[in-house]
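Reader: I have a model open on my screen and would like to learn how to read it. Could you take me through it feature by feature?

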Amino acid sequence: MTLLWMITSFVRWLRLKHYQYEVTFAVYMLTPTEKVIFNTLLLSLVSMIFASLYAYLPDHLRVIYGHLYYYWAGERPFISGSLPSISSVFRDSGTQSLEVMYETAKNAAATVTNTIAEL
């Protein structure tokens, strides 16, 4: 008896939520084709939001924690077992390439200076 009551109660709750959804978003006024299009767009938007939260939120929280820790303690936090973020990888490789370009320009300037001094 209780199982039947729980199933009935759950179905009634689902119908209420469906009714509230249709009234809140005015879906009840749409034709069946428009409902399918609207629900598909809404579902795809919500799924993209959740996918992006799953993919990018942990890195953002880690960066925010790093900034807060830096402002509080004055040093960079050491988080064991964490991988560097994509932005830090690009930033580090960009810094290294700038250093290589600087050394190359410095060597070229020294070569030109030596060549002019020999003339």
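Author: Let us begin with burial: Glu 22 is buried, with a relative accessible area of 15%. Buried means under 20% relative accessible area, exposed means over 50%, and partly exposed lies in between, using a 1.4 Å probe and protein chains only. A word on the ground rules: this is a predicted model, where local features need pLDDT of at least 70, side-chain atom pairs count only at pLDDT 80 or more, and totals for chains, interfaces and linings use all residues. Residues are numbered from 1 along each chain as its sequence is written, and side-chain values use heavy atoms, with hydrogens and water left out.

Reader: Where does Glu 22 sit, and what is it in contact with?

Author: Helices are DSSP runs of H or I with at least four residues, strands are runs of E with at least two, and both are numbered from the N terminus. Glu 22 belongs to helix H1, which covers residues 2-24. Contact means heavy atoms within 4.5 Å. Setting aside neighbours within four places in sequence, Glu 22 is in contact with Val 27, Tyr 28 and Lys 35.

Reader: How many salt bridges are there?

Author: The rule asks for a side-chain nitrogen of Lys or Arg within 4 Å of a carboxyl oxygen of Asp or Glu. By that rule there are two salt bridges. One joins the side chains of Lys 35 and Glu 22, at 3.5 Å from N to O. This pair links distant parts of the chain, with Lys 35 in helix H2 and Glu 22 in helix H1, 13 residues apart. Lys 35 is partly exposed, at 24% relative accessible area.

Reader: And which residue does Asp 59 pair with?

Author: Asp 59 forms a salt bridge with Arg 62, and their closest N and O atoms are 3.4 Å apart. Both residues lie in helix H2, three residues apart, which is about one turn of the helix. Asp 59 is partly exposed at 25% relative accessible area, and Arg 62 counts as partly exposed at 35%.

Reader: How do I check the span of a helix?

Author: The expected span is 1.5 Å times one less than the number of residues. For H1, with 23 residues, that should give 33 Å, and the end C-alpha atoms are 32 Å apart, which agrees.

Reader: Where does H2 bend?

Author: A bend at a residue is the angle between axes fitted to the seven residues ending there and the seven starting there. H2 bends by about 45° at Tyr 56, and a proline, Pro 58, follows within four residues.

Reader: What should I look at around the helix ends?

Author: Try the phi angles. Ala 26 has a positive phi of about 55° although it is not a glycine. Ala 26 is found in the loop between H1 and helix H2 (32-73), and is partly exposed, with a relative accessible area of 26%. Just after H2, Gly 74 takes a positive phi of about 85°.

Reader: Which residues make the nonpolar surface patch?

Author: Patches are made of residues with over 30% relative accessible area and no salt bridge; like charges are joined within 9 Å, and nonpolar side chains (Val, Leu, Ile, Met, Phe, Trp, Tyr) within 5 Å. Accessible areas come from the Shrake-Rupley method with a 1.4 Å probe, and for residues only the protein chains shown count as cover. The patch here is about 950 Å², and its members include Leu 45, Val 46, Phe 50 and Leu 68. Leu 45 is found in helix H2 and counts as partly exposed at 44% relative accessibility.

Reader: What does the whole chain look like?

Author: The chain has three helices and zero strands. Buried residues make up 4% of its 119 residues.
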